[in-house]
Amino acid sequence: MADKRIWNFNPGPATMPVAVLEKAKNEMLDYAGTGMSVMELSHRSKAYEAIQNSARALLAELLGIPANYKVLFLQGGASFQFAMIPMNLLPAGKSADYILSGYWAQKAYKEAKTLGTVRVAGTTESVNFNRIPDANELQLDANAAYAHLTSNNTIFGTQWKSFPKTGSVPLIGDMSSDILSRKFDVSQFGMIYAGAQKNLGPAGVVVVIMREDLIAAGRADIPAIMKYSTHAENDSLYNTPPSYTIYLVKLVLEWVKGLGGLAAVEKRNEEKGKLLYGTIDGQGGFYKGTADAKSRSLMNVTFRLPSEELETKFISEAQAAGFAGLKGHRSVGGIRVSMYNAFEPEGIKALTDFMKEFAKKNG
Ligand SMILES: *Cc1c(COP(=O)(O)O)cnc(C)c1O
């Protein structure tokens with residue numbers, strides 16, 4: 001690893017694969033003999049189009065995206081999708097289902113509420129979102145325009161292990177913090193979206209994977225820039241895309257493919273999770289995971305120490321030992337270890353060694 005890089009547990013923007021940063025550095029001044037940086041290329045040039053097409057093809061290959069879906073690269077982050085989804089897909093006279101499993105799910109719900117009729121189809125708010133709702137706790141509306149869920153709850157450290165069956169109602173998933181971290185069946189969803197800055201690259205682009213019939217069914221009486229159909233018809237080149245970010249997403253996708261694709265990444269993430277959760281559970285109760293065991297996330301791991309004083313001490317001693325970004329979100333407190341795909345297993349090993357030492361000294 002390059003000198004001076006520390007173990008970066010930031011929840012997003014998050015650590016990038018070093019190999020990707022190195023490659024971007026090597027290509028910074030002259031991309032593929034163009035004599036320009038990618039950020040200086042015209043978005044209408046052949047060289048740039050090849051980058052964007054390759055990012056799209058790699059994502060389709062890695063996720064096994066069926067032929068009747070389109071991949072779009074949009075701006076405004078995942079939060080923009082909170083509005084764009086109901087604007088396109090929630091017509092007057094219909095209602096949309098939202099499953100509330102955490103902070104981002106609630107934000108999506110609140111935004112949709114400003115645009116149409118929405119229902120809560122399940123929530124674990126009463127237990128401070130420490131778990132994913134059980135299948136038998138969901139009350140899904142068979143006539144809903146769509147049903148929305150958040151596959152990984154970045155702040156609360158919980159993750160859906162399997163997704164609810166919604167029949168003919170299109171399921172929409174905010175996968176911002178766990179896309180590409182494990183295998184799943186894209187065809188269970190009508191639409192998936194993910195801000196890039198956790199598992200796909202730097203901030204600045206949101207990837208949308210959407211079934212063609214849903215794109216076509218979008219409302220026609222909204223501004224062109226807000227319509228999925230506009231971006232689909234123009235191959236995400238309706239206006240200037242965040243070209244340099246998309247280039248970095250392409251490099252990250254190549255890196256994932258080089259690791260062995262989703263099966264290999266999933267295994268790597270499971271091993272990191274086993275080591276870290278094993279350490280949390282194995283120190284005689286010094287560390288307490290905040291998520292219910294069966295909802296534990298492999299991307300964001302949340303836990304508490306016996307007191308807030310010890311948590312502050314843990315964070316500052318960890319920082320001094322070379323571990324950054326461990327402070328939990330204010331709504332949960334404690335510690336949050338964000339370990340997306342790019343986070344190297346070696347860093348989890350180092351953190352668990354630190355945790356054992358800390359428990360021994362302070363327990
Ligand atoms: C980070 C995050 C968001 C917000 O993403 P922005 O790109 O900042 O809008 C939304 N949903 C989830 C699950 C997230 O983790």
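1. Ala32 counts as exposed, at 63% relative accessibility; exposed means over 50% relative accessible area, buried under 20% and partly exposed in between, with a 1.4 Å probe and protein chains only. Ala32 lies in the loop between α1 and α2, where helices (H or I, at least four residues) and strands (E, at least two) are DSSP runs numbered from the N terminus. The phi of Ala32 is near 45 degrees, a positive value in a residue other than glycine. Most residues other than glycine have a negative phi, and most peptide bonds are trans.

2. On the basis of the note: this is a predicted model, in which local features need pLDDT of at least 70 and side-chain atom pairs count only at pLDDT 80 or more, while totals for chains, interfaces and linings use all residues. Residues are numbered from 1 along each chain as its sequence is written, and side-chain values use heavy atoms, with hydrogens and water left out.

3. Asp235 also has a positive phi, of about 50 degrees, although it is not a glycine. Asp235 is found in the loop between α6 (228-233) and α7, and is partly exposed, with a relative accessible area of 43%.

4. The peptide bond from Gly12 to Pro13 is cis, with omega near -10 degrees. Pro13 belongs to the loop between β1 (7-8) and α1.

5. Which residues make the nonpolar surface patch of about 320 Å²? The patch is made by Met28, Leu29 and Met39. Patches consist of residues with over 30% relative accessible area and no salt bridge, like charges being joined within 9 Å and nonpolar side chains (Val, Leu, Ile, Met, Phe, Trp, Tyr) within 5 Å. A salt bridge is a side-chain nitrogen of Lys or Arg within 4 Å of a carboxyl oxygen of Asp or Glu; accessible areas come from the Shrake-Rupley method with a 1.4 Å probe, and for residues only the protein chains shown count as cover. Met39 is placed in the loop between α1 (18-26) and α2 (46-63) and is partly exposed, with a relative accessible area of 47%.

6. The axes of α2 and helix α7 (residues 243-259) come within 9 Å and cross at roughly 40 degrees. Axes are lines fitted to C-alpha atoms, for helices over the stretch in contact, and angles run from 0 to 180 degrees between N-to-C directions. The helices α2 and α7 are therefore oblique to each other: angles under 35 degrees count as roughly parallel, over 145 as roughly antiparallel, 65 to 115 as roughly perpendicular and the rest as oblique.

7. Leu62 is found in helix α2 and is buried, with a relative accessible area of 11%. The C-alpha atoms of Leu62 and Ile209 are separated by 13 Å, and these residues are 147 residues apart along the chain.
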